[in-house]
Amino acid sequence: MEGSSLFNPGFLGSSFLWWIGQIADDSTWRDNINSGNYEDKYSVPGWGRRYKVRIIGLHDQGEVEIPSDQLPWANVMYPITAGGFQTRAGQTSQLRQGNMVFGFFLDGQDQQVPVIMGVLGNNSQSIGRQTIGDNSVTNDKPGSLVTSGYASGARSKGSATEIPPDYDRVIKQPARKQTGDTTRAALDAQAAAGTTNTAGVEEAGPNAPPQPGATLENESLNQLTVADVKRQEKCDEKIVLLQPDSNSFISSALKGIQTAIENVTRKIDKYLQAIQSYVDAASNVVNNIGKAVRDFACEIAKYVKQIFDKIAEYALKILNKGLNKVVAALPSSFRYQFGDIKQVLTELLLCLYNKITGGICDSLEATLRDLLNIDALEEEVNQRVANQDPNVGQTTYPQVPICFAEDVVGRVLSGSKTEIDEANNNLVDNIDAYLSDISNQLAGISGVIGDINNLIPDIGGSITSALSFTNIKLNIFGCELSPNIAQSTLYTFCNGGDTQEESQLPSEGSVAQKLESSPPANTKKSIPFATPTKETTNVDNLLSGINLDGSNIG
């Protein structure tokens, strides 16, 4: 009561009154709590952590008689472990709109100064309302007072509207449907026959209208959430571990490709299942399947580039081996020139193969789309959902055989075979041109010049040799102990290092077979940037649309 005094004998004295109520729409009190950082205490219009509380039995349950903004302010009684905020000793309250709180009146019979002592927790079965501060429950219209903390109030929060985090989202669809015969006669017949009661409820499926209860706003601390699902998937995700000390570095790269492809198929399956499965939709992290495939294609590209680098290394090795006779037969006065030619050819080889590997991402993206048939799988799932097919929920996992990495590499090499052959032939042609220029002084090796074009065999026929040859051996003295080869080919956060089963290991020889039988990837040609010509008028972006005299171009 206005004018009351601390010395009033009714102030927390002779009349101690308890109450229970519900915290009102936060639009009536959230201005007291500034959501961002501020410079001084006068930046907050209110008085800190105080709440508007609609007390049962004292205030009506609607907004007609006493609107929420006219309810009395309730202070909070903190425990002694929380402190009172002097010398920075304090804890903020965790109260939300819709919470059922209880306490007492500090001013006794005046009932104008409520103090919150505690809060009642929500239980697992109560589904909270999605609106607050309306007349959905009044003195004349009973209903449940359970309200979600994410409920929308009388005043919109705009961009400050809370988004439920992963740890506050359930993995079971709130919308349910009845299954089986639930009549008493059917249940009695099943009991008499000793059969299991199959009647009950299950998730309503992807076509069901949304229902409240998708957030975990109860005391079930051990209930699984979307955060748990995402954490487990990340924990099981395979991380590629290359084996640089392996006898075949290409084999290690193929294993890496196979592991990465297993990851991308799981992501694709997750994306497709999200169309028909609630838990997959809630925990899915792929919004654009095209971008996801592109990102994984570029991830795999770093392993495929090692294969192209090996082919380039092999081509250079064969070239140098074939030119040994030429170098030995050259007069000493020409050898330094030929040494310069070989250096230029090595640089040219590097540039040519870098140009080829520059488009690996595009080739891999097209290859993955063709082999995984993503568009057809997505169409199939959409048709299931649209037609309410009984197969809704069945797996859409893309079929990936053990030799899938070999198929991918074979298609990429098949698409680049012409460029590889042209690069190799270009090297031979340059050497042949140089030798032809000095043919008058090379009478002693005239028979060698004619064989230059056959020094490098067709790369398609020798792909196995190119991928399996060893250029440098570190065992110099022959009696050295062999190094211990790393065994782990992949890593997971859950189990640590692991290795692929022997039956799932790809081979270099199979890549050569796939190269001959696989069609090239249907790569989309990238559109180059427009290049201005000499006749193109200069454009000044600062004056764009403005004449030289300052007037607008009409």
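Visitor: Let's start with C235: buried or exposed?

Guide: Buried means under 20% relative accessible area, exposed means over 50%, and partly exposed is in between, using a 1.4 Å probe and protein chains only. C235 has a relative accessible area of 18%, so C235 is buried. Before we go on: this is a predicted model, where local features need pLDDT of at least 70 and side-chain atom pairs count only at pLDDT 80 or more, while totals for chains, interfaces and linings use all residues. Residues are numbered from 1 along each chain as its sequence is written, and side-chain values use heavy atoms, with hydrogens and water left out.

Visitor: Which residue does C235 join in a disulfide?

Guide: In general, a disulfide is a covalent bond between the sulfur atoms of two cysteines. Here the criterion is a pair of cysteine sulfur atoms within 2.5 Å. A search of the whole structure gives one disulfide, and it joins C235 to C494 with an S to S distance of 1.6 Å. The torsion about the S-S bond of C235 and C494 is about 135 degrees, so this disulfide is right-handed.

Visitor: And where in the chain do the two ends sit?

Guide: For the names, helices are DSSP runs of H or I with at least four residues, strands are runs of E with at least two, and both are numbered from the N terminus. C235 lies in helix α2 (residues 226-236), and C494 is in the loop between β11 (490-492) and β12 (496-498). The pair links distant parts of the chain, 259 residues apart. C494 has 33% relative accessibility, so C494 counts as partly exposed.

Visitor: What about C298 and C361: buried or partly exposed?

Guide: C298 is partly exposed because its relative accessible area is 32%. C361, at 18%, is buried.

Visitor: Back to helix α2. Which residues of α2 are buried?

Guide: They are V226, A227, V229 and C235. As a general idea, an α-helix has 3.6 residues a turn, so residues three or four places apart point the same way. The buried residues of α2 pack against α3, α4 (278-283) and β11, with contact meaning heavy atoms within 4.5 Å.

Visitor: How do I read a helix pair such as α5 and α7?

Guide: Axes are lines fitted to C-alpha atoms, for helices over the stretch in contact, and angles run from 0 to 180 degrees between N-to-C directions. Angles under 35 degrees count as roughly parallel, over 145 as roughly antiparallel, 65 to 115 as roughly perpendicular, and the rest as oblique. Helix α5 (residues 289-322) and helix α7 (residues 332-357) pack at about 155 degrees, with axes 10 Å apart. That makes α5 roughly antiparallel to α7.

Visitor: What is the handedness of that crossing, and which residues make the contact?

Guide: A crossing is left-handed if the near helix is turned anticlockwise from the far one by less than a right angle, and right-handed if clockwise. α5 passes α7 in a right-handed crossing. K305, F308, I311, A312, A315, L316 and N320 of α5 meet K342, T346, L349, Y353, N354, I356 and T357 of α7. To sort a contact by class, Ala, Val, Leu, Ile, Met, Phe, Trp, Tyr, Cys and Pro count as nonpolar, Asp, Glu, Lys and Arg as charged, and the others, Gly among them, as polar. The contact of α5 with α7 divides into eight nonpolar, four polar and two charged residues.

Visitor: At what angle do α3 and α5 cross?

Guide: The axes of helix α3 (residues 249-273) and α5 cross at roughly 175 degrees and come within 9 Å. α3 and α5 are therefore roughly antiparallel to each other. Their contact has 17 nonpolar, three polar and three charged residues.

Visitor: And α3 with α9: parallel or antiparallel?

Guide: The axes of α3 and helix α9 (residues 374-386) cross at roughly 25 degrees and come within 10 Å. That makes α3 roughly parallel to α9. The crossing of α3 and α9 is right-handed. I268, Y271 and L272 of α3 make the contact with I374, L377, E378 and V381 of α9. By class, the α3 and α9 contact residues are six nonpolar, no polar and one charged.
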